[in-house]
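Here's a quick tour of a two-chain model for someone who likes to know the cut-offs. Have a look at it first, then read on.

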Amino acid sequence: MANDEKNNRGLLDRLQFIDRRYIFIFIALAVIIPLLLGLRFEEKPSPIVLALYDKVDNMPPGSRLLMSFDYGPTTAPEIQPMVDVILRHACLRGLKVYLMAVWATGQSLTVQTVEDVLIPEFPDYEYGIDYINLGYKAGNQGLIRVIVDDMKRMYSTDANGTDIEQVPMMKQVESLKDMDLIVSFGGGFPGIKEWILFAGDPGAIPIGGACTAVSAPQLYPYYPNQMVGLLGGIKGAAEYESHVLDRYPDSFKTKPTPGMNMMVAQMVAHIVIMLFIVFGNVMYFMYRGKERKLAMEK
Amino acid sequence: MWRRTVPIMITFIVGTVLVVAEFIPHKPFGNLGEDFSLYFDIIAVFAFILGGGNLCRVHFSKVYRKKTDWQFSIVTLLGFFVMLAAGLFKIGNPEGIQGDVTAAGSLFADLYDSMFTPLQGTMYALLAFFVASASYRAFRAKNIDASILLIAAFVILLGRTPAPSLIADFFAGAGITFMATAFNFVPTLTDWIMDVPNLAGQRAILIGIALGVISMALRLILGVERTYLGSDSK
């Protein structure tokens with residue numbers, strides 16, 4: 001009898017801290033299967049996402065949107081869907097798009113985005129007239145601080161080496177203050193926070209953000225006074241995609257929605273994590289109950 | 001004197017001038033902030049050289065002394081020198097030595113796209129597994145504080161997915177109205193947690209950091225804080 005009790009306690013103790021490889025297997029399956037099935041669900045945009053959507057949507061055609069690629073391959077799977085959907089939305093609205101990067105790793109992502117989204121989906125968009133890739137410049141927040149007053153001091157050429165004075169869409173741009181909206185993609189340093197502190201506040205320029213889910217809570221203090229809106233992680237991307245699909249069904253029904261697809265994987269993974277937490281707590285309380293019972297018997 | 005007084009004087013003058021420049025946006029102070037940002041970039045370039053040199057020193061030493069896992073150091077050094085050579089000499093660049101370092105078809109771009117990008121993505125993706133494992137171990141309702149944290153985590157985990165509305169639809173279909181209402185309320189509760197308790201905490205942290213930065217800046221400008229001068233600075 002005492003032996004059974006001891007074995008039971010041992011089993012409960014072990015179940016409290018099951019081998020993490022089992023958790024890894026469940027999480028892998030929870031992510032892979034929904035992605036393979038390609039399911040997607042509609043999302044209702046939260047106010048913070050809707051605010052950025054409305055800002056982009058209400059900009060008159062020809063307005064200037066600066067998209068800063070402040071991320072790298074590490075976070076690209078999470079951030080790229082937000083870049084793609086905002087770029088598509090901007091092009092659909094006929095905005096002039098300025099691409100740049102304050103991260104060295106962002107430069108190749110600007111090129112990739114242009115090649116994957118802009119050129120094939122918006123063939124009418126002409127380089128130098130409707131969009132430009134300014135590329136990467138070193139300097140972090142120092143770069144932002146300089147170009148908020150004088151763009152050409154840092155950017156004498158675009159990413160292809162073309163003289164900036166020869167680019168038609170740069171002729172009206174003296175500084176960042178000529179931008180109607182800046183959206184920074186990436187939650188690291190330098191990123192959205194630096195854009196707010198060194199461009200948005202001193203230059204009175206509207207700043208929007210799109211970042212990883214883990215960075216989003218730190219940026220909430222800047223909304224809505226210093227940041228017009230924020231897309232946080234895959235959830236933010238899925239909400240934006242769902243809303244744009246709802247508003248522009250004809251233009252977007254054939255477009256990929258990676259955010260909405262990945263959201264299903266995230267949902268299943270979250271549920272699996274919750275089940276594990278519940279399981280761990282049940283085992284913990286059972287173990288504690290046994291311990292108490294034994295202590296009382298003694 | 002040269003090792004202590006001169007750096008302290010430089011710090012005092014630069015710090016004071018930049019603070020003054022922030023409040024007087026006219027000549028000769030107007031562009032000082034921007035100019036110093038550019039000087040910072042120039043100085044920072046040397047940090048890259050120092051960083052590269054330090055990486056080589058540490059890993060060559062590890063290989064030479066055959067310390068634990070020294071084989072990984074060979075991979076690190078190999079990766080460093082191959083990328084450096086591919087970028088410096090623009091190997092395979094279709095536009096030649098004058099072309100863009102990241103031009104399509106160059107060895108640098110190929111290595112970046114086919115090795116660096118997937119490796120970085122993989123490393124970040126592993127986070128999901130460790131977060132899941134850590135959550136399982138850490139979230140135990142051992143006391144009131146831990147229970148509040150656990151409940152908040154559950155609400156956020158559920159609220160950051162479309163699950164609540166799907167579950168609410170299921171309950172509504174089954175005629176269990178109160179459950180449908182409860183699950184429909186989860187996204188609102190998630191937004192409230194983010195907008196109120198999270199915001200309050202984040203603001204407190206931000207204000208604390210800002211006060212700390214001001215205090216540290218004053219200590220540096222006034223020469224009270226001297227640790228940046230090295231261990232023999234007292």
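This is a predicted model: local features need pLDDT of at least 70, side-chain atom pairs count only at pLDDT 80 or more; totals for chains, interfaces and linings use all residues.

Residues are numbered from 1 along each chain as its sequence is written, while chains are lettered from A and ligands numbered from 1 in the order in which they are written.

**Overall shape**

- Chain A has 11 helices and six strands, whereas chain B comes to seven helices and zero strands. Helices here are DSSP runs of H or I with at least four residues, strands are runs of E with at least two, and both are numbered from the N terminus.
- Chain B is more spread out than a compact globule, because its radius of gyration is 28 Å, well over the 17 Å that the globule rule gives for 234 residues. The radius is taken over C-alpha atoms, and the rule is 2.2 Å times the number of residues to the power 0.38.
- Along the principal axes, the C-alpha atoms of chain A fill a box of roughly 90 × 40 × 30 Å, and the C-alpha trace of chain B spans about 80 × 50 × 45 Å.

**Burial and contacts**

- Buried residues make up 51% of the 298 residues in chain A and 11% of the 234 residues in chain B. Buried means 20 or more other C-beta atoms within 10 Å of a residue's own, exposed means 12 or fewer, and partly exposed is in between, with C-beta atoms placed from the backbone.
- In chain A, 76% of the contacts between residues at least 6 apart in sequence join residues at least 24 apart. In chain B, residues 24 or more positions apart account for 31% of the contacts with a separation of 6 or more. A contact needs C-beta atoms, placed from the backbone, within 7 Å.

- The domain assignment gives chain A domain 1 (2-39 + 263-297) and domain 2 (47-256), with bounds that come from an automatic or database domain assignment. Their centres, taken over C-alpha atoms, are separated by 42 Å.
- The largest nonpolar core has 100 residues, and those with the most contacts inside it are A:Met67, A:Met82, A:Val97 and A:Ile182. Such a core is a set of buried Ala, Val, Leu, Ile, Met, Phe, Trp, Tyr and Cys residues joined through C-beta atoms within 7 Å.
- Helix α11 (residues 258-297) of chain A gives the most to this core, with 11 residues.
- Leaving out residues up to four places away in sequence, A:Met82 touches A:Phe185, A:Ala210, A:Leu231, A:Gly236, A:Ala237 and A:Tyr240.

**Where the chains meet**

- 40 residues of chain A are in contact with 40 residues of chain B. On the side of chain A that touches chain B, α11(A) gives the most, with 13 residues.
- By class, that side of chain A has 22 nonpolar, 13 polar and five charged residues. Ala, Val, Leu, Ile, Met, Phe, Trp, Tyr, Cys and Pro count as nonpolar, Asp, Glu, Lys and Arg as charged, and the others, Gly among them, as polar.
- The buried residues of α5(B) are B:Leu157, B:Leu158 and B:Gly159. These buried residues of α5(B) pack against α11 of chain A together with α6 (163-173) and α7 (177-221) of chain B.

**Backbone details**

- The peptide bond from A:Phe189 to A:Pro190 is cis, with omega near -10 degrees, and A:Pro190 lies in the loop between β4 (181-185) and α7 (192-203) of chain A.
- Another cis bond runs from A:Tyr223 to A:Pro224, with omega near 5 degrees; A:Pro224 is in the loop between α8 and β6 (229-232) of chain A.
- B:Asp69 has a positive phi, near 55 degrees, and sits in the loop between α2 (32-64) and α3 of chain B. B:Asp69 is exposed, with 7 other C-beta atoms within 10 Å.
- B:Lys90 also has a positive phi, near 50 degrees, but counts as buried, with 20 C-beta neighbours inside 10 Å.

Technical notes:
Two residues are in contact if their C-beta atoms, placed from the backbone, lie within 7 Å.
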